[in-house]
Structures are given as structure tokens and as C-alpha cells.
Amino acid sequence: MLTVTIDNHTIEVEEGTTILQAARLIGGDVVPPAMCYYSKLKGSGGKCRTCLVKVSQSSAKDPRPMPKLVASCRTPVVDGMVVQNKTSQEVLDARKAIVEFLLINHPLDCPVCDQAGECDLQNLSFDNGKEETRYEESKREFEVIDIGEQIKLHMNRCILCYRCIYTVDQLTEKRVHGVLYRGDVSEISTYIKNEINNDFSGNIIDVCPVGALTDKTFRFKNRVWFLKAMDAHRACTKCSGKVTAWMRGEEIYRITGRKDKYGELEEFICNECRFEKKEPKDWTIEGPRAIQRYSVISQNHYTNTKTPSVILPLEERMIKQEDYKRNRKNNFNN
Ligand code: SF4
Ligand code: FES
């Protein structure tokens with residue numbers, strides 16, 4: 001086992017663990033933000049630089065600091081390493097600069113973006129962003145295109161994190177999209193207007209940290225903070241059938257995979273579950289889902305204290321004000 005100290009918290013981890021993974025084992029404020037790393041996708045990380053940290057002691061044998069900030073998602077722990085995240089002003093300044101950089105071409109269309117309320121970039125810039133930009137050049141602009149029957153690509157919003165590329169590459173047999181061109185003209189696209197069309201392609205919507213890939217069956221139908229996230233399952237032959245059903249009243253507005261507190265899918269789900277099963281009778285509704293990640297959705301009026309096997313009547317689902325406050329506090333602390 002290797003010992004690493006991050007923001008004054010010491011932990012023992014196995015060889016091969018990265019600084020980011022070690023920080024997630026500690027939890028809380030120690031965890032750097034990650035816009036491109038995705039623990040379920042091999043090779044992800046190293047693209048966005050939001051997870052930069054300062055290594056103030058390289059190892060027990062070599063107490064010298066590393067000369068530059070390092071990407072915590074790509075840097076393995078060495079025994080005796082000392083790392084600073086929130087405790088380093090240099091890291092906080094660098095993170096501000098990264099946010100400014102990511103926003104150079106990103107449109108400020110949050111009010112009309114389907115990802116609003118669950119956008120990692122929105123949260124990142126809220127925590128680390130500046131109030132104004134120094135960028136005077138015009139932003140890149142692309143046409144909104146369909147890349148498949150149920151998926152829309154807003155390239156203007158893409159931050160080139162490569163998560164969608166890894167997802168399709170690793171979940172399906174035939175990848176037809178990727179990053180075209182290089183440098184500031186890079187863009188996500190399909191090869192000669194192909195469409196992404198396979199049983200698991202919808203997962204690229206869930207892994208996208210911004211609103212670049214959206215679900216055409218849900219676009220503009222509702223705002224996520226008006227919906228209640230319910231755990232639901234069905235017998236599916238293609239995937240586990242365990243999903244989150246986003247409901248308003250008795251209506252299901254959209255189906256997504258279940259996400260953990262880092263906004264990552266617990267399991268990938270198939271397109272049949274995601275796009276074709278929108279009737280409550282298609283699902284066994286287990287009960288309200290605890291949204292553990294920092295999000296406006298956590299403000300909603302539901303709780304994880306009960307997990308009934310059927311939908312409870314509305315009055316039973318309403319929780320006491322005290323329970324609500326306590327849950328909300330716990331969710332934020334997590
Ligand atoms: S479309 Fe989304 S997931 Fe794909 S590279 Fe762009 S930001 Fe990342
Ligand atoms: S999360 Fe580490 S570089 Fe993007």
C-alpha cells in the first residue's frame with residue numbers, strides 16, 4: 001500500500017491508484033473537479049485540465065515538489081506523496097484560468113439549454129469562474145445537427161472531453177463518430193453524415209458533461225428541476241433495466257441511467273429502455289432517487305428515506321420540512 005496526503009488528509013491506497021481516485025476515496029472538498037475523466041471509461045482523462053493539483057512533495061524518497069501542476073486523473077500516487085488541491089492558491093488560480101478557457105467558445109445559453117440544472121460546466125464555472133471574459137474574438141459557431149434518430153449535437157457547447165468517443169468505442173462494435181480536424185477547429189462529428197445508430201448509443205447523452213448531446217425525445221419538454229427523479233426498473237434483455245425515470249405527476253418525461261455522486265453512470269443502459277419506454281406501466285417504480293451530487297435537482301421536494309416498490313400517493317410522498325432540510329444538507333455534504 002502507498003501513503004498519500006491530500007489537503008492534509010492521509011490515506012493508504014493500492015499501487016496504480018491515481019491522485020484523483022485517492023481523493024475520491026477521501027471525499028468532500030478534497031476531490032478535484034473532473035470534466036473529462038470518467039471512471040467507467042478506459043483511457044478517459046487528461047483532456048480538460050480541470051483536475052490540476054499541486055504535488056508539493058513528490059515522494060517519501062524525494063521530498064522535492066513537482067515543478068508544474070499535474071492532472072490528478074492521470075498521475076499515479078507515489079508513496080509519501082503530498083498533494084494540495086483546495087489548499088493551494090496556485091491550483092485555485094489555475095482552475096479559474098481553465099474555466100475561462102473552457103468558456104471561450106462555449107455559448108452562454110444556459111436559460112435555453114436542456115442541460116441546465118445538471119451541467120458540470122455550469123457548476124464548475126459557478127464555483128471557479130470569473131464574472132466576465134477577456135475574450136474579444138467571436139466564438140466558434142456550428143449548425144445543430146442530428147446524429148441519429150434520437151440524438152442532437154450542439155457542437156457550439158462541446159468542450160472536446162472525448163467521453164462520448166470512448167463510450168461509443170467501448171460499448172459498441174462500430175464507432176462512426178470522432179474528433180475531426182485539429183487545434184481550434186476540432187469538432188465532434190460523424191464520418192460523412194453517418195448517424196450513430198446502435199443499441200447503446202444513447203449513453204453518450206448521459207456521459208456528456210455539457211449540453212452538447214441532447215435527447216431529442218426530451219428536448220424542451222421540461223426543466224429538470226420540475227421533475228422528480230425516481231429509481232425504476234424493468235426486465236430488459238439488453239441491459240440491467242435499472243434506470244432513473246424523470247417524472248412529473250404520473251407522467252414519465254425522460255429516462256436516464258442512474259448517476260452517482262460524481263455524475264457518472266452506475267451502469268450503461270440500452271436505447272430501448274431510454275427512448276422507447278416512457279409509460280409508467282412499462283416500469284416498476286421503486287421510489288425517489290437520492291441525488292447526491294451538487295445540483296439544483298437536489299433542491300427538489302423528494303427524499304430517499306423510503307424505497308417503496310410502487311408509486312406512493314402524493315400525500316405520502318410529501319415529506320416533513322425537517323426531513324427535507326436534513327436530506328438537503330446531507331446531499332450537499334456528500
Ligand atoms: S459532445 Fe459532449 S461528451 Fe462528446 S466530446 Fe463534446 S463535451 Fe465531451
Ligand atoms: S479530469 Fe483530469 S484532465 Fe480532465
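1. Overall content. The model is a prediction, not an experimental structure. Its chain contains eight helices and 14 strands. Of the 334 residues in the chain, 37% are buried. Taking contacts between residues at least 6 apart in sequence, 63% join residues at least 24 apart.

2. The mixed sheet. Five strands make up an open sheet with mixed pairing, and their order is β2-β1-β5-β3-β4. The edges are β2 (9–13) and β4 (70–71); each has a single partner strand, so one side of each has no neighbour in the sheet.

3. Strand β1, residues 2–6, runs parallel to strand β5, residues 81–84, and three bridges link the two. In this pairing V4 is opposite M81 of β5.

4. Two helices may be examined together here. Helix α1 (residues 19–26) packs on the sheet and touches β1, β2, β3 (52–57) and β5. The direction of α1 makes about 115° with that of β2. Helix α2 (residues 89–102) also packs on this sheet, where it touches β3 and β5. The direction of α2 makes about 160° with that of β3.

5. The antiparallel sheet. A further open sheet has four strands in the order β13-β12-β11-β14, with antiparallel pairing. Here β13 (251–256) and β14 (284–288) are the edge strands; because each has a single partner strand, one side of each is left without a neighbour in the sheet. From one strand to the next the twist averages 40°.

6. Strand β14 pairs with strand β11 (residues 228–233) in the antiparallel sense, over four bridges. M230 lies opposite P288 of β14. As a general point, strands of a sheet pair through backbone hydrogen bonds, either parallel or antiparallel. Both senses can be inspected in this model: β1 with β5 is parallel, and β11 with β14 is antiparallel.

7. The ligand shell. Ligand 1 is surrounded by 14 residues. The closest are C158, C161, C164, C208 and A212. What classes of residue form the shell around ligand 1? There are 13 nonpolar residues and one charged residue, with no polar ones.

Technical notes. Residues are numbered from 1 along each chain as its sequence is written. Chains are lettered from A and ligands numbered from 1 in the order in which they are written. This is a predicted model: local features need pLDDT of at least 70, side-chain atom pairs count only at pLDDT 80 or more; totals for chains, interfaces and linings use all residues. A residue is buried if 20 or more other C-beta atoms lie within 10 Å of its own, exposed if 12 or fewer, and partly exposed in between; C-beta atoms are placed from the backbone. Two residues are in contact if their C-beta atoms, placed from the backbone, lie within 7 Å. Two strands pair if DSSP finds at least two bridges between them. Axes are lines fitted to C-alpha atoms, for helices over the stretch in contact, and angles run from 0 to 180 degrees between N-to-C directions. A residue is near a molecule or strand if its C-beta atom, placed from the backbone, lies within 6 Å of it. Ala, Val, Leu, Ile, Met, Phe, Trp, Tyr, Cys and Pro count as nonpolar, Asp, Glu, Lys and Arg as charged, and the others, Gly among them, as polar.
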